[in-house]
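Please examine the sequence and the three-dimensional structure shown below. The questions that follow concern protein–DNA contacts and helix packing.

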There are 2 protein chains.
Amino acid sequence: MDSTKKHLLIVDDQREIRESLKAYLVRHDYRITLADSTEAARAALKTAAIDLVILDIMMPGEDGLSLCRELRAQGSMPIILLTAMAEDTDRIIGLEMGSDDYITKPFNPRELLARIRAVLRRAGTLPARNEQPKTSCLHFDKWVLDSARRELIGPDQVSIALSTGEFLLLSAFLQRPGMVLSRDQLLDITRGRDAIAFDRSVDNQISRLRKKIERDPKNPELIKTHWGGGYSFTARVSEK
Amino acid sequence: MDSTKKHLLIVDDQREIRESLKAYLVRHDYRITLADSTEAARAALKTAAIDLVILDIMMPGEDGLSLCRELRAQGSMPIILLTAMAEDTDRIIGLEMGSDDYITKPFNPRELLARIRAVLRRAGTLPARNEQPKTSCLHFDKWVLDSARRELIGPDQVSIALSTGEFLLLSAFLQRPGMVLSRDQLLDITRGRDAIAFDRSVDNQISRLRKKIERDPKNPELIKTHWGGGYSFTARVSEK
DNA sequence: GTCGGTGTGATACAATTTGTTACATTTTTA
DNA sequence: TAAAAATGTAACAAATTGTATCACACCGAC
């Protein structure tokens, strides 16, 4: 799937809210994960790379605020957008500045969407946020693949534009250096589980990618063909 | 570290508030010093060059307001932003308040940030974008943009009226000639970090601006579109 | 109220990316 | 060596995605 999609975690104890929010935001092209409690949220945060948390402060059991504080305390990265009933707003009185914004319920979806965008944009342009995925930059040969910027920088410091598919394909290789990947596997990776396409489409993608990164596309050195098996990436890869 | 970072002093008796405020503002690239009382604040003001004081008016012991008055009386420079519970707000009003602005608790982090920026900017301490024009006239092609008068003069010496938004947009381009600016960046620049708007609005602004400055708006020569990336200004720009 | 400026949705359009076919080429196998 | 199987890639078609701009609604200033 498209890895540029922002991944939101919605934490709310009311099923209806979760579901309708999800439905709405999915239509607007976000990846959504749901959690009905702070514990579920914690679990989700561990297993997935969440970009933004939409967190209800009023929940039975453990309260949203404490999770918010906790995340901040441990210097976690995701952006936090609190939601609260207007009446409960005073509870933020200790002013929970751990969040990046808050919005009072009931809110209209459009405003929420706008807030999400604003807050993500702000974070995106902010150089200061000390996160940066450890795996943001992958080096091979004299190339650098900057996953964050979706950009490939060549030996001569020239940046090469990659299409989404090419980017995903190359990433797949770099994350599994030396491993032989079948066409089916590559299809899964680049086009998602239930992609409908024939093998030759992978061949083509490979061909296109080779044209961009191989010194001599006719005699590929980086992406090797395994006859009857698939392809593998041969250069040494290092994270940085 | 970065000496251009603004240095804020947070004065509040509640530890939680101090800490969460600090956490939040640090993330937004400010240097922070904390004080839990007016005495501590006075000490901090002596030893560090504080740009702005965020001062709680309601504190046990000596009150924030008196410190505020005192600072003003001695003609001290730091800008002061008062914080107060909504109920205590009357105390400020009517009072000859030496502060530059105030905000009532509980406040939205976004709003506080906006106030801080506004107040710093107003005080002229903000170095404004990439060095604001010492020279207020920017030339490109046969055009002149007079920043001081917010006026655009065309090749035929006719002056073209620009709306505020159009002016900011054009300025943004002229200050970064050749640079590709994404819609998000342009939103930041022309509408501020916290703008709530969608990409289409940038498109429209561009479209409107093109109609005013391009010879043939259908085949723009000055403002170039970078597919999937944003826009850039291509003409050579000179200050004069 | 009117007015200018701006944000939004719809629609039309343009560019890019990807899937497919077709055919050349390479590799394997008999 | 010839036939069969698998791969490479050009070229086109289809799908996807990004952009331009219109019309209209809204908002704040007057």
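A polar contact is a pair of N or O atoms within 3.5 Å; within protein, one must be able to donate a hydrogen and the other to accept it, and residues adjacent in sequence count only if both atoms are side-chain atoms. This is a predicted model, in which local features need pLDDT of at least 70 and side-chain atom pairs count only at pLDDT 80 or more, while totals for chains, interfaces and linings use all residues. Residues are numbered from 1 along each chain as its sequence is written, chains are lettered from A and ligands numbered from 1 in the order in which they are written, and side-chain values use heavy atoms, with hydrogens and water left out.

Q: How far does a polar side-chain atom of R183(A) lie from a phosphate oxygen of DNA strand D?
A: On chain B, a polar side-chain atom of R183(B) lies 3.0 Å from a phosphate oxygen of DNA strand D. For R183(A), the distance to a phosphate oxygen of DNA strand D is 3.4 Å.

Q: With which residue does the side chain of R183(A) meet in a salt bridge?
A: Side chains of opposite charge can pair when their charged atoms come close. A salt bridge is a side-chain nitrogen of Lys or Arg within 4 Å of a carboxyl oxygen of Asp or Glu. The N to O distance in this pair is 2.6 Å, and the partner of R183(A) is D203(A).

Q: Which element gives the most to the surface near DNA strand D?
A: A residue is near a strand if one of its heavy atoms lies within 4 Å of it, and 28 residues surround DNA strand D. Helices (H or I, at least four residues) and strands (E, at least two) are DSSP runs, numbered from the N terminus. At least two residues each come from helix 7 and strand 10 (223-226) of chain A and from helix 7 and strand 10 (223-226) of chain B. With seven residues, the element that gives the most is helix 7 of chain A.

Q: What percentage of the atoms of DNA strand C that come within 4 Å of the protein do sugar and phosphate account for?
A: DNA strand C is surrounded by 24 residues, and the closest include S163(A), R208(A) and S163(B). Among the atoms of DNA strand C within 4 Å of the protein, the sugar and phosphate share is 61%.

Q: Are helix 5 of chain B and helix 7 of chain B roughly parallel or roughly perpendicular to each other?
A: Axes are lines fitted to C-alpha atoms, for helices over the stretch in contact, and angles run from 0 to 180 degrees between N-to-C directions. Angles under 35 degrees count as roughly parallel, over 145 as roughly antiparallel, 65 to 115 as roughly perpendicular and the rest as oblique. The two helices pack at an angle of about 85°, with their axes 10 Å apart. Helix 5 of chain B and helix 7 of chain B are therefore roughly perpendicular.
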